[in-house]
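Please open the structure in a viewer and keep the selection tool at hand.

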Amino acid sequence: MKQFSLTRELMGASITAQVLCLPEGLQAGVYGGTLPHIGAVSVADPQGNITTQQFPAHKDGMVSERWAKTLSEAGYVPAVVMAGIHYDHLSRNEISAVVELTDAMLSEILHMLKNA
């Protein structure tokens, strides 16, 4: 099994991505902000179908689903992605900054996976 991890800072708090490569599948977690948690889980099955379970009062499915879709399209299936990033009272611009950072982190993770 191979494992990858990276952490970036945004708005005074860390966001961490952890990836575990199994012989048949991939598990990823993207957590951070002021209260890391599990707010959503997305699963990409071997055919590339994606299902997302987002818990009440959370918006983390946006991140978990983007990661699951991208990983699936890159051939990493099945894939399970858990996400939980929290900051209090974010503006639209701050939400966009979180999404942009997690997208950049996903690109870095894909690069790590391809070069492993």
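Begin with the hairpin of β1 and β2 in this predicted model. Two residues lie between the strands, and Met11 takes a positive phi near 50 degrees. Next, select strand β1 (residues 2-10) and strand β2 (residues 13-22): the two run antiparallel and are joined by nine bridges. Within this pairing, Lys2 stands opposite Cys21 in β2.

The tour now turns to charged side chains. Side chains of opposite charge can pair when their charged atoms come close. How many salt bridges does a search of the whole structure find? The search finds three.

Select Arg8 and Glu108, which form a salt bridge whose closest N and O atoms are 2.4 Å apart. Arg8 belongs to strand β1 and Glu108 to helix α2 (residues 92-114), so this pair ties together parts that are 100 residues apart in sequence. Arg8 is partly exposed at 29% relative accessibility, and Glu108 is partly exposed at 28%.

Proceed to Arg66 and Asp103, whose side chains meet in a salt bridge at 2.4 Å, N to O. Because Arg66 lies in helix α1 (residues 61-73) and Asp103 in helix α2, the pair ties together parts that are 37 residues apart in sequence. Arg66 is partly exposed, at 37% relative accessibility; Asp103, at 25%, is partly exposed.

Finally, select Lys69 and Glu73, where a salt bridge of 2.6 Å, N to O, joins the side chains. These residues are four apart in helix α1, and are therefore separated by about one helical turn. Is Glu73 buried or exposed? Glu73 is exposed, with a relative accessible area of 58%, whereas Lys69 is partly exposed at 43%.

Note on methods
Residues are numbered from 1 along each chain as its sequence is written. This is a predicted model: local features need pLDDT of at least 70, side-chain atom pairs count only at pLDDT 80 or more; totals for chains, interfaces and linings use all residues. Side-chain values use heavy atoms; hydrogens and water are left out. Two strands pair if DSSP finds at least two bridges between them. A salt bridge is a side-chain nitrogen of Lys or Arg within 4 Å of a carboxyl oxygen of Asp or Glu. Buried means under 20% relative accessible area, exposed over 50%, partly exposed in between (1.4 Å probe, protein chains only).
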